[in-house]
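Work through the exercises below with the model open beside you. Try each task before you read its solution.

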Amino acid sequence: MNENPFTDLVDLAASRLGGAVLLANDEFFAPKEALLKATPAEWRELEYTDRGKWMDGWETRRRRTPGHDWCLIRLGLPGVIRGIVADTAFFRGNYPEQCELEGCAVEGVPDAESLASDASIQWYSLVPRSALAGDTRNLFPVTCPERITHLRFHIFPDGGVARLRVHGEARPDAALFAPGRVLDLAALESGGYVMVCSDMFFGHRQNLVLPGRSTHMGDGWETRRRRGPGHDWTIVRLGVRGTVQRIELDTDHFKGNAPGSAMLEYCDMPGASAESLTGGSSWRALQPQTALQPHSRQRG
């Protein structure tokens, strides 16, 4: 059983979704932008810069005065945060002793300096000041129910963090769902979420609803090769109830391993669990089983 189920949720701060580190009080040894890099941190044994050892993460200088270091982060998708991972991979003698995370909800796209200095902004505690371990994926559950757009990440007193993952449930702006507007109901940006699937050995199920076209074969949902009877399947929760006018099945980059065919079914069961949906009988055909072509964008 997954002891930390929040890690299966979407990373709301992912750069792919528009997340960005806006401002840091210090980034002497390693840049703040590396915190949100999509790839796992790497170690380069003999690589140095003119400032010291090359590190894959955000690292501040040694602090000789009172205080602590911090950075401001804009989430790629606003939402309710369920947990974070502060990964100190390869930071062994230079990781922070502690960290703290706060969040706020602001309208529009404020500049970093305004966000840092505006005393009227209400910041919610997401992770209280907590101990960190070096070279470790430090997991912290979050119970704050507020919709969050920006984060304030504190490290005490200084040091380096390789990656920050902010897992939660997207909560788009209500204006996105204005009457008469046409949008992708399944997209992460609309609050869509892939609840469960039969298998995702080669590619994560959430790749199905990422923004834009896929960038390579690993950027889609791919199951292992089936050697027995049956077929693979997945269940997508739409961001909002709506009327489906068009569907798109994109096998881009899948050339020798695209599905031979696919079908799409629907049901109207708001709030239903993955278990009840998997075993339910309320499904109706939206797109009958249809042959798929490799490396193609197919609309219906």
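**Exercise 1: Arg237**

Arg237 has a relative accessible area of 37%, so this residue is partly exposed. The model is a predicted one.

Task: Find which strand holds Arg237, and list what Arg237 touches beyond residues up to four places away in sequence.

Solution. 
- Step 1. Arg237 is found in strand 14, residues 234–237.
- Step 2. Set aside residues up to four places away in sequence; Arg237 then touches Gly191, Gly192, Tyr193 and Met195.
- Step 3. Now take Ser125, 112 residues from Arg237 along the chain. The C-alpha atoms of Arg237 and Ser125 are separated by 29 Å.

**Exercise 2: The whole chain**

Solution. 
- Step 1. Along the principal axes, the C-alpha atoms fill a box of roughly 65 × 45 × 35 Å.
- Step 2. Of the 300 residues, 39% are buried.
- Step 3. Take contacts between residues at least 6 apart in sequence: 74% of them join residues at least 24 apart.
- Step 4. The chain exposes about 16700 Å², and carbon and sulfur atoms supply 51% of that area.

**Exercise 3: Lys32**

Task: Decide whether Lys32 is buried or exposed, and describe its surroundings.

Solution. 
- Step 1. Locate Lys32 in the loop between strand 2 (20–24) and strand 3 (48–49).
- Step 2. Its relative accessible area is 11%. Buried means under 20%, so Lys32 is buried.
- Step 3. The side chain of Lys32 makes a polar contact with the side chain of Glu33, at 3.0 Å.
- Step 4. Leave aside neighbours within four places in sequence; the contacts of Lys32 are then Val21, Leu22, Leu23, Ala24, Glu27 and Trp58.

**Exercise 4: The nonpolar cores**

Task: Find which residues have the most contacts inside the largest nonpolar core.

Solution. 
- Step 1. In soluble globular proteins, nonpolar side chains tend to be buried together.
- Step 2. The largest nonpolar core here has 44 residues. Leu35, Ile81, Ile84, Leu151 and Phe153 have the most contacts inside it.
- Step 3. Elements that each supply at least two residues of this core include strand 2, strand 6 (69–87), strand 10 (148–156) and helix 2 (274–279).
- Step 4. Strand 6 gives the largest share, eight residues.
- Step 5. Beyond neighbours within four places in sequence, Leu35 has contacts that include Val21, Trp58, Cys71 and Phe153.
- Step 6. Another core lies apart from the largest one; it has eight residues, among them Cys104, Val106, Ala112 and Leu115.

**Exercise 5: Aromatic pairs**

Task: Classify the ring pair of Trp58 and Phe153, then the ring pair of Phe201 and Phe202.

Solution. 
- Step 1. The whole structure holds four aromatic pairs.
- Step 2. The ring centres of Trp58 and Phe153 are 6.4 Å apart, with planes at 50°, so this pair is tilted.
- Step 3. Trp58 is in strand 5 (residues 58–59) and Phe153 in strand 10, 95 residues apart, and the pair links distant parts of the chain.
- Step 4. Trp58 is buried, at 0% relative accessible area. Phe153 is buried too, at 0%.
- Step 5. The rings of Phe201 and Phe202 have centres 4.9 Å apart and planes at 80°, so this pair is edge-to-face.
- Step 6. Phe202 is partly exposed, at 47% relative accessibility.

Conventions
Residues numbered from 1 in each chain as written. Predicted model: local features only at pLDDT ≥ 70, side-chain atom pairs only at ≥ 80, totals over all residues. Heavy atoms only, no water. Helix = DSSP H or I, 4+ residues; strand = E, 2+ residues; numbered from the N terminus. Buried < 20%, exposed > 50% of the residue type's maximum accessible area, 1.4 Å probe, protein only. Polar contact = N/O pair within 3.5 Å; in protein donor to acceptor, adjacent residues only side chain to side chain. Contact = heavy atoms within 4.5 Å. Core = buried A, V, L, I, M, F, W, Y, C linked by side-chain atoms within 4.5 Å. Areas by Shrake-Rupley, 256 points an atom, 1.4 Å probe, with all protein chains shown as cover. Phe/Tyr/Trp six-rings, centres within 6.5 Å; stacked < 30°, edge-to-face > 60°.
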